[in-house]
Amino acid sequence: MSEQTDANRTAAETALVDWFAAEAESRSAEGAIGAQRAEAFDRFSGQGLPHRRVEAYKYTDLRATLRTLPPAADRPDSAAVDAAVKAVPALADTDTVPVRLVIADGRFVAEASDLDALDGAVSVTGFADLLGKADPRMERIGSLAAQVDDPMLALNTALFEGGVVIEVAAGASVARPIEILHVVTSDHAVTTMPRHAVFVGEGASVSFLERHEGRGEAANVTNAAIELCVAPRARVTWAKLQAETTVSTHVGTTTVAVGEAARVNHLTVTLGARLSRSQLFARIDGEDTETAFDTATFLTGEQHSDATLVLDHKVPNGVSRERFRSVVDDTAKAIVQGRINVWQHAQKTDAQMMSNALLLSDEAEAVNKPELEIFADDVQCAHGATSGQIDEDALFYLRSRGVPKHQAERLLIESFLIEAVEGLGDSAVAPALAARIRAALHAE
């Protein structure tokens, strides 16, 4: 990849260079994270925004999409935060209300969060309270992201303004899910780059709901990142709901490290954004792990969604399941890129990947790109992909029992997507996500 020069940068890339330069002085006092930022921005600026000639972004050309970039969001005032939070749709169909952490315009807002409701075994600290301090937690932050070569993740490392550090104590069983709610308060388009680091202690059990909600007509740009470290024998469910407006651009990167005998269920539900890319880089570090990574995507109009997963089995006896479900209407386009790497010593790995797409119009498009790279010889690994239309036999069955055609089609689509949600195995969060999918379907 050739180094970029000022002459061939787009307006968006030039804005990012100016953004980093404008804050360089204040970040010089951030200690080790400051050095990480400089190194990350060097990597990003050498390549610029990823484009179709970069293999991992072949189907999602961000340089072509983001020719210009909205300005960085300012720090929000409390009244604007309250208004934005009140505008967020309530979670329904669940008896267990999550503990809410509010991220407004990319920054943690402690006074709008339910910190008093946190389980005593969970601690939450805003990044703003840690940057520049000699806190031992800062030595762990960035360790996962630094091992992933991705330009948008590097950009987040260089420019993230805020977010939270969450620690769950070893052996804790956290009763209520922890909701990380992202909202934008501005009426004009802005760019936000939140960052979160989550450390789940050995033997702990906890559930998270990551929400990105949009409102208004502003074409916001989000580049979010999460580092999730799961210690041995911990149990974690993580659900992400991306429901931003259909003029927004969303890039979300999650890096995960899974310890011995841990269990991780991860689900991404994509309903919003004009262009979205949810990418997940998972590393199986301990033996006897069980992991599941699911997606449920519903696209209409001219929406474009990219679900990218890179899973590294580095040790023996790991079980993983990757299931992608997409429903695509109008001229929308759904991309699935799933890659499983089985390292030489990862014997007895059992990894299965499946992608299913339901196309509701002749112009809708689904792209599946599954990959397996296996260096061990005693493993079970497979992948498959299908794309097609609504099952005519099932449709006939429902219509023969008096169900109108449109309603019958919606019932079949609903069951197709919600099966992925039920796989999360979280009775507190899954019903709420299923309700959001039903609402999106019936809004059509």
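Modeller: Leu16, Trp19 and Phe20 in helix 1 meet Leu155, Ala158 and Leu159 in helix 6, where contact means heavy atoms within 4.5 Å. This is a predicted model in which local features need pLDDT of at least 70, side-chain atom pairs count only at pLDDT 80 or more, and totals for chains, interfaces and linings use all residues. Residues are numbered from 1 along each chain as its sequence is written, and side-chain values use heavy atoms, leaving out hydrogens and water.

Helices here are DSSP runs (H or I, at least four residues), numbered from the N terminus. The axes of helix 1 (residues 11-22) and helix 6 (residues 151-159) come within 10 Å and cross at roughly 30°; axes are lines fitted to C-alpha atoms over the stretch in contact, with angles from 0 to 180 degrees between N-to-C directions. The two helices are therefore roughly parallel to each other, a label for angles under 35 degrees, while over 145 counts as roughly antiparallel. By class, this contact has six nonpolar, no polar and no charged residues (Ala, Val, Leu, Ile, Met, Phe, Trp, Tyr, Cys and Pro count as nonpolar, Asp, Glu, Lys and Arg as charged, and the others, Gly among them, as polar).

Now for another pair: the axes of helix 8 (residues 405-422) and helix 9 (residues 430-442) come within 10 Å and cross at roughly 150°. That makes helix 8 roughly antiparallel to helix 9. Residues making the contact include Ile413 and Leu417 of helix 8 and Leu433 and Ile437 of helix 9. Its classes are nine nonpolar, one polar and three charged residues.

Note on methods:
Parallel < 35°, antiparallel > 145°, perpendicular 65-115°, else oblique.
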